[in-house]
Amino acid sequence: MSDYKLYLGSHIGMGGPAYYEGTVKEALSYGENTFMFYTGAPQNTRRTATSVLHIEEGRKILQENGVDESKLIVHAPYIINLGNTLKPDTYDLAVNFLIQELRRVQDFHVSVLVLHPGSHLGEGFEKGAKAVVEGLDYVLERDGTNVKIALETMAGKGGEIGRTFEEVAYILNNVKHKERLGVCLDTCHINDGGYDVADVDGTLKEFDRVIGLDKLLCVHVNDSKNERDSHKDRHDNLGYGTIGFETILKWVKHPLLNGIPKVLETPWVGEKAPYKKEIEMLRSGVYEEDWRENL
Ligand code: FE
Ligand code: FE
Ligand code: ZN
């Protein structure tokens, strides 16, 4: 499989004063050829103007290092909830923020924004999902970019929409601008959501049947602290969770996932980022027992 294109990276923070330039340098220091970042704090919608985020400095370094910008990913803040039918003010805020965020993603010359579909807040899937579809239609009519939104598969915690491939497909099938939507599959989330992640072929076949593999824009490769079908969503380091290194490796190197960016969102080990080590092991295919202790 020498023509296999492996794009492997992690979530990287972005803080001042270097901002994007620092993000890019950090990703490269871990041996990454893709990465994912938030354009501001993940938990709020306060945003610094993109003009001061050192985007061109970062892009220059990407170019010098031969990184393909089309493989980079931005994650939307997780407080955006398009499934909210209880608080109209919050919903309006979310929709308008998302329009602004898509423009910010375009400012970075990134082409994919990962978005949690939302939570129905106890009002039931149908009500929540309809609001998500309406919200996406509103946004995609107005943002004026061609950035794609990748809906993430979720663990099904609380009222989370998108636990099953069917739930994700419902949104994809009902939005008007279908060409602007894709999917981000998270191995921890689908495990916690009830899928048998160890059966990679079977799970991908099911994904293809229900959603279509052509819709898959990104894979989040995380081990899970919880058992299959726990509906929990807590990521673990590779080899330390219930999924295990060998299964994660199968996802990373699966022939059907050739060329699709794969991004780690595994927890830091104390003060240390685990990504250099995790990426090294995934590239070599060799697992080092107790690697966290020797980090
Ligand atoms: Fe996510
Ligand atoms: Fe994820
Ligand atoms: Zn998660």
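How many helices and strands does the protein have? There are 9 helices and 10 strands. Helices (H or I, at least four residues) and strands (E, at least two) are DSSP runs, numbered from the N terminus.

1. **Basis.** This is a predicted model, in which local features need pLDDT of at least 70, side-chain atom pairs count only at pLDDT 80 or more, and totals for chains, interfaces and linings use all residues. Residues are numbered from 1 along each chain as its sequence is written, chains are lettered from A and ligands numbered from 1 in the order in which they are written, and side-chain values use heavy atoms, with hydrogens and water left out.

2. **Overall form.** A compact globule of 295 residues would have a radius of gyration near 19 Å; the protein has 18 Å, which agrees. The radius is taken over C-alpha atoms, and the globule rule is 2.2 Å times the number of residues to the power 0.38. Along the principal axes, the C-alpha atoms fill a box of roughly 50 × 45 × 35 Å. Of the 295 residues, 55% count as buried. Buried means under 20% relative accessible area, exposed over 50%, and partly exposed in between (1.4 Å probe, protein chains only).

3. An open sheet is formed by 8 strands, in the order 1-10-7-6-5-4-3-2, with parallel pairing. Strand 1 (8-10) and strand 2 (36-37) stand at the edges; each has a single partner strand, so one side of each lacks a neighbour in the sheet. Two strands pair if DSSP finds at least two bridges between them.

4. **Strand 7 and its partners.** Strand 7 (residues 216-220) pairs with strand 10 in the parallel sense over 2 bridges. His 220 has Val 263 in strand 10 as its bridge partner. Strand 6 (residues 181-186) also runs parallel to strand 7, joined to it by 4 bridges. There, Val 183 stands opposite Leu 216 in strand 7.

5. **Iron ion (ligand 2).** Its protein donors are Glu 152 (OE), Asp 186 (OD), His 220 (ND1) and Glu 265 (OE), at 2.1 to 2.2 Å. Donors are N, O and S atoms within 2.8 Å of the metal (3.2 Å for Na, K and Ca); water is not among the atoms, so sites may look incomplete. Along the chain, the spacing is E-x33-D-x33-H-x44-E. The 4 donor atoms subtend angles of 81 to 168 degrees around this ion, which makes the arrangement irregular. Four donors count as tetrahedral if all angles lie between 85 and 135 degrees; four count as square planar and six as octahedral if opposite donors are over 155 degrees apart and all others between 65 and 115; anything else is irregular.

6. **The bridging glutamate.** Glu 152 bridges the iron ion (ligand 2) and the iron ion (ligand 1), which lie 3.4 Å apart. Glu 152 lies in strand 5 (residues 148-152) and Glu 265 in the loop between strand 10 (262-264) and helix 9 (275-284), so the pair ties together parts that are 113 residues apart in sequence. Both Glu 152 and Glu 265 are buried.

7. **Zinc ion (ligand 3).** His 189 (NE2), Asp 233 (OD) and His 235 (NE2) coordinate the zinc ion at 2.0 to 2.3 Å. The spacing of these donors is H-x43-D-x1-H. Both Asp 233 and His 235 are buried. The zinc ion (ligand 3) and the iron ion (ligand 1) are 5.3 Å apart.

8. **Aromatic pairs.** Rings of Phe, Tyr and Trp (its six-membered ring) pair if their centres lie within 6.5 Å; planes under 30 degrees apart count as stacked, over 60 as edge-to-face and the rest as tilted. This rule gives 12 aromatic pairs. One of them, Tyr 20 with Phe 108, is edge-to-face, at 4.9 Å centre to centre and 75 degrees between the planes. Tyr 20 lies in helix 1 (residues 20-29) and Phe 108 in the loop between helix 3 (88-107) and strand 4 (112-115), so the pair ties together parts that are 88 residues apart in sequence. Tyr 20 is buried at a relative accessible area of 0%, and Phe 108 is buried at 0%. Ring pairs link Tyr 20, Phe 35, Phe 37 and Phe 108 into a cluster.

9. **Charges over rings.** The charged end of Arg 142 sits over the ring of Tyr 138, 3.6 Å from its centre. Arg 292 places its charged end over the ring of Tyr 240, 3.7 Å from the centre. The rule asks for NZ of Lys or CZ of Arg within 6 Å of the ring centre and within 35 degrees of the ring normal.
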